[in-house]
Structure formats: C-alpha cells, structure tokens
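Q: Can you walk me through this one? I have the sequence and the fold open and want quick answers.

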Amino acid sequence: MDLKELLSQFKNDLKNISSLENLEAVRLSYAGKKGALAKMLKDIANLSAEEKKTLGKKINEAKQEIQEKIAEAQGGLAGKKSALPMDKFLKTLPGKKPVTGHLHIISQAISEIVEIFKPLGFTRARYPEIDWEYFAFEALNIPSTHPARDEWETFFIDAPVDKKFGRQVITPHTSNGQVREMLKGNLPIRMLNISRCGRRQEDASHLQTFFQFEGLAIDKGVSITHLKGTLEYFVKNFFGPKRKIRLRPYDFRFTEPSFEVDINCDLCGGAGCKFCKGGWVELGGAGMVHPNVLKAGGIDPNVYTGFAFGWGIERVYMMKGGIKIDDIRHLVNNDLRFLEQF
Ligand code: FA5
C-alpha cells in the first residue's frame, strides 16, 4: 500500500470512530511503534540514500498529519462524552438563565423619586449624614430647650462640642439640608435632598436607620398652591391616580403653616390594620418655610417665600399599590427570599 492509499484509509477509519478507545486503536495501527508508518520506514531502509531521504520525509509528514487529526478527533470525542446524541437533543428546551441580582428596593424607590421630580426642576443635593445640631435644629427655629426636639429622638455623637454649632448628631431628618442649601447663595432654589436618617425608634412602622427625601423650593411669589400642586403631582406619579391623600394641620417649628400628609393605607384599603392603625399612613411633613429659617439661610423673607416637604422613602415605597408589606423592618433585614420578590 502506498502512502496515499494509507492516508485515505486512515481518514475512512477516522469517520467511523465513536469512542476514545476506538481512536486509540486506530492511532496505534497507523502511527504507533508497530503501526503501518513504522513498517513503511523499515521497508525503505534498503533504498538509495536519495530515495530514503524523499520517501522518509513524506512518511514523516504523513505521520504528523495523522497525529494532528487524531488530536482533533480526541478533542471532539471528549466534548461529546456526556452530551446527548444529536437525534435526542431537544432544540426548544430553554437555556439556563444566569443568576442576576437587582438594585435594593430602597435604591429603586430613590431612583424613581429623583426621576419624578426632575421635570419640575428639582435637582438632587447631598448633605452630611452626621451634622451639627445647629443645622438639624437651631437653624430650623428649634432652640435647644424646645420640647419639639423630643420628636426627633436623636442619636448624639460622642465628640467635642462646637461653640457655634453645638453637638454632632446622626441627622434625624433631611431638613438639615435646608439652611445649608440656602447658604450656598444660589436663588431660586429647587432642591431634592435624599439621605439616610437616624432616630431612636423601632417597630412595625419605624426604623432606627431610614431614608427621607426633602424638597425645598424658594423663589419670589411661591405660595401654598405650589406646595399642594407639587405634592399631588408626586402622589399621582408615584402611587397612581386613584390613591387619596389628606393634609392634616400640624406644627413644625420650621414651616408655617405646617401639615402632615397622609395617604389611604393600601394594605387594608383604609379599614385600619397593624401597620396603619387607623386607615391612613403618614407619608411625611410639609409646609411653607418659616421666615426665621429663611433668615438663618441669609434670605430676605420679605422678598422670597418657599415651601418644603420631607417624607420617608421606606414608607412611601410600602404604600405603593399592590405591595403588601406589613412590617417596615422586612425592607432592611436583607432576607433574599423577601427581596427577590421585587
Ligand atoms: C420630619 O422629619 C420633618 N423634617 C419633615 C418636614 C420637612 C416637615 C420639611 C416640613 C417641611 P417627621 O418626623 O414627621 O418630619 O418625619 C417625616 C417622615 O419621615 C415620616 O412621616 C415618615 O415617613 C418618615 N419617618 C420618620 N421617622 C421614621 C422612622 N423611624 N422610620 C421610618 N420612617 C420614618
């Protein structure tokens, strides 16, 4: 048999191979020590030096080709080892979906809130989450002796006290950003301050660490109508057109007049439950910026007026239509069985 015939026979044998064992047998019979090529090399031993050289070269080239094809076939067979034969492959079987995470629901709510306020010209500002008592209270018309401070159940930082700004606190509300924003000196103002807050509170509707978003608008001629319109615009876009809100008169020292804004509870439809207790859930406070606060921010209250509101992010998220969460602490327990539902 000449080399050409040998190679074509090898290619034929290769086509019919179905296992690695078969392949090894074929390799040995052609390229093994006692295989067909070794035998051919032996047979040319008696030829002239010239012939030996040309034939020897061809035999070695054939050996190399055979070895390459064997290696290729080996790779293919190893890959197919556990695969189904082609006729049993179910082409319509869906592939395996890779596991992907998603943003935490509080982060999702923050993005949504930012997007809703953008068209009204409110841009996000950031202020310290540990701030001076002054910006959290005094600048907001709440002197240190005022009993209203109790409502903010504040965490104080064990650090030296500043003569002008007082102690450091974990911001109990985002209103600390109001006077800081005014002091930048850029009027008019349309600020959205979203930040972590801390209070010594914890139950089904209170967290020690929670988020608030605070809107502040200051310009000439800003009235309570603008405040109501802005709140209704937000509620319609965030909760849907069917939800109801109510404004209850309230007393915040930094706004006058002041309101608490409530929304009808989505969990019980307004009948009263463990979460809302009376059919309504408080979303947050709002009001017209007090003249003393404008003054603390270096703004003349005879020329400018403004409104502000500060609401809890977890609370607004829980009150979204169809999201039945009866305990605010579920949002921060980081149990994936809960979080993966959203
Ligand atoms: C304030 O914090 C005022 N700074 C809001 C404000 C801003 C009024 C601007 C006027 C003008 P209040 O203490 O009610 O108000 O808190 C506002 C909202 O934050 C609450 O309605 C609630 O939605 C959320 N909140 C307050 N405490 C907690 C808490 N412990 N856990 C979760 N959410 C809370």
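Q: Is Glu 112 buried, partly exposed or exposed?
A: Partly exposed, because its relative accessibility is 28%. Keep in mind that this is a predicted model.

Q: What does Glu 112 form a salt bridge with?
A: Lys 320. The closest N and O atoms are 2.9 Å apart.

Q: Which parts does that pair tie together?
A: Glu 112 lies in helix H5, residues 105–117, and Lys 320 lies in the loop between H10 and H11. So the pair ties together parts that are 208 residues apart in sequence.

Q: And Lys 320, buried or exposed?
A: Buried, because its relative accessibility is 14%. The cut-off for buried is under 20%.

Q: How many salt bridges are there in the whole structure?
A: A search finds 18.

Q: Give me another one. What does Glu 133 pair with?
A: Arg 167. Their closest N and O atoms are 2.8 Å apart. Glu 133 sits in helix H6 and Arg 167 in the loop between H6 and E3, so this pair ties together parts 34 residues apart in sequence.

Q: How covered are those two, buried or exposed?
A: Glu 133 is buried, with a relative accessible area of 5%. Arg 167 is partly exposed, at 35%.

Q: Which residues are joined into a salt-bridge network?
A: Glu 133, Glu 138, Arg 149 and Arg 167. Salt bridges with shared partners join them into one network.

Q: Switching to the surface. Which residues form the negative patch?
A: Asp 150, Glu 151, Asp 251 and Glu 256.

Q: Where is Asp 251?
A: In the loop between strand E6, residues 245–250, and strand E7, residues 255–264. Asp 251 is exposed, with a relative accessible area of 53%.

Q: What about the bond from Leu 187 to Pro 188?
A: That bond is cis, with omega near -5°. Pro 188 is in the loop between helix H7, residues 176–182, and E4.

Q: In which sense do E1 and E4 pair?
A: Parallel, over 3 bridges. Strand E1 is residues 123–125. The bridge partner of Ala 125 in E4 is Asn 193.

Q: And how many bridges join E4 to E5?
A: 10 bridges, with the strands running antiparallel. E5 covers residues 209–219. Arg 196 stands opposite Phe 211 in E5.

Q: Backbone angles now. What is the phi of Asn 141?
A: Positive, about 70°, although Asn 141 is not a glycine. Asn 141 lies in the loop between helix H6, residues 133–136, and strand E3, residues 168–170. Asn 141 counts as buried because its relative accessibility is 13%.

Q: And the phi of Asn 334?
A: Near 55°, a positive value in a residue other than glycine. Asn 334 is in the loop between helix H10, residues 313–318, and helix H11, residues 336–339. Asn 334 is exposed, with a relative accessible area of 52%.

Q: Last one. Where is Gly 310, and is it buried or exposed?
A: Gly 310 is in strand E9, residues 305–312. Gly 310 counts as buried, at 18% relative accessibility.

Q: How far apart are Gly 310 and Phe 137?
A: 15 Å in space, C-alpha to C-alpha. In sequence, Gly 310 and Phe 137 are 173 residues apart.

Terms used
Residues are numbered from 1 along each chain as its sequence is written. This is a predicted model: local features need pLDDT of at least 70, side-chain atom pairs count only at pLDDT 80 or more; totals for chains, interfaces and linings use all residues. Side-chain values use heavy atoms; hydrogens and water are left out. Patches are made of residues with over 30% relative accessible area and no salt bridge: like charges are joined within 9 Å, nonpolar side chains (Val, Leu, Ile, Met, Phe, Trp, Tyr) within 5 Å. Accessible areas come from the Shrake-Rupley method with a 1.4 Å probe; for residues, only the protein chains shown count as cover. A salt bridge is a side-chain nitrogen of Lys or Arg within 4 Å of a carboxyl oxygen of Asp or Glu. Lys and Arg count as positive and Asp and Glu as negative; His and the chain ends are not counted. The place of a charge is taken as NZ of Lys, CZ of Arg, CG of Asp or CD of Glu. Helices (H or I, at least four residues) and strands (E, at least two) are DSSP runs, numbered from the N terminus. Buried means under 20% relative accessible area, exposed over 50%, partly exposed in between (1.4 Å probe, protein chains only). Two strands pair if DSSP finds at least two bridges between them.
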